[in-house]
Amino acid sequence: MILQWAQRTDSLYITIALADVKDETIDLTDTELHFKGTSGDKPYEVNIKFYAPVDSKAEGSTYKVLPRSVQFFVMKVPSTKEDEDDEEFWPRLLEDKNLEKNQVKIDWDRYVDEDEEAEAGGFDTNALEGGNAMGGMGGPGGMAGMPGMGGAGGMPGMGGGGGMPGGMDMEALVSPRHE
């Protein structure tokens with residue numbers, strides 16, 4: 001299991017690379033992410049504390065269980081300090097930088113440098129469309145593990161993203177090139 005992440009000034013994209021996840025329990029708070037699930041009859045668990053607060057109840061915060069991973073799109077809490085321009089991009093995902101070295105990898109497919117964010121735009125969230133809203137969906141009694149509620153269900157072979165491999169930017173394929 002690999003935990004990858006990328007960011008923009010207003011959001012995070014987190015991927016737990018784990019195939020065929022079943023019986024998942026996902027709980028996102030404004031400071032932490034807790035994930036439990038099984039893959040190949042083996043239990044897996046991720047518990048992380050974010051570097052800074054996120055907005056777990058924001059309309060855009062969502063997740064989706066795909067055939068090869070669990071992907072999260074999480075909105076950051078906007079900075080309230082006027083002079084804190086350099087804090088829009090986090091230096092790391094986790095509060096504890098010692099844990100980050102062994103547990104977290106940069107998602108180079110989604111990575112953009114701070115200076116290039118305007119050109120790159122936001123994350124391609126097509127694979128997450130129809131995903132689960134984060135607020136209150138996971139945990140005991142939540143809808144995350146219920147059949148037909150966006151869990152590991154779906155049509156076999158569809159890959160969750162319309163049959164396209166993960167990370168493929170459909171807009172770039174469809175839009176005309178401007179050179």
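A salt bridge here is a side-chain nitrogen of Lys or Arg within 4 Å of a carboxyl oxygen of Asp or Glu. Keep in mind that this is a predicted model, in which local features need pLDDT of at least 70 and side-chain atom pairs count only at pLDDT 80 or more, while totals for chains, interfaces and linings use all residues. Residues are numbered from 1 along each chain as its sequence is written, and side-chain values use heavy atoms, with hydrogens and water left out.

By that rule, the count is two salt bridges. One of them joins Arg-110 to Asp-107, with the closest N and O atoms 2.7 Å apart. Both Arg-110 and Asp-107 are buried, a word that stands for under 20% relative accessible area, with exposed meaning over 50% and partly exposed in between (1.4 Å probe, protein chains only).

Let us turn to the other pair. Glu-95 bridges to Lys-49, and here the closest N and O atoms are 3.9 Å apart. This links distant parts of the chain, 46 residues apart: Glu-95 sits in the loop between S7 and H1, Lys-49 in strand S5. (Helices, H or I with at least four residues, and strands, E with at least two, are DSSP runs numbered from the N terminus.) Glu-95 is partly exposed at 43% relative accessibility, and Lys-49 is partly exposed at 38%.

Next come the rings. Rings of Phe, Tyr and Trp (its six-membered ring) pair if their centres lie within 6.5 Å; planes under 30 degrees apart are stacked, over 60 edge-to-face, and the rest tilted. The structure holds four such aromatic pairs. One of them, Tyr-51 with Trp-90, is tilted, at 5.9 Å centre to centre and 50 degrees between the planes. Because Tyr-51 lies in the loop between strand S5 (42-49) and strand S6 (62-65) and Trp-90 in the loop between S7 and H1, the pair ties together parts that are 39 residues apart in sequence. Trp-90 is buried at 7% relative accessibility, whereas Tyr-51 is partly exposed at 26%. Together with Phe-50, Tyr-51 and Trp-90 form one aromatic cluster.

Finally, the surface. Patches are made of residues with over 30% relative accessible area and no salt bridge, joining like charges within 9 Å and nonpolar side chains (Val, Leu, Ile, Met, Phe, Trp, Tyr) within 5 Å. Accessible areas come from the Shrake-Rupley method with a 1.4 Å probe, and for residues only the protein chains shown count as cover. Ile-106, Trp-108 and Tyr-111 form a nonpolar patch with about 340 Å² of accessible area together. Trp-108 is exposed, at 60% relative accessibility.
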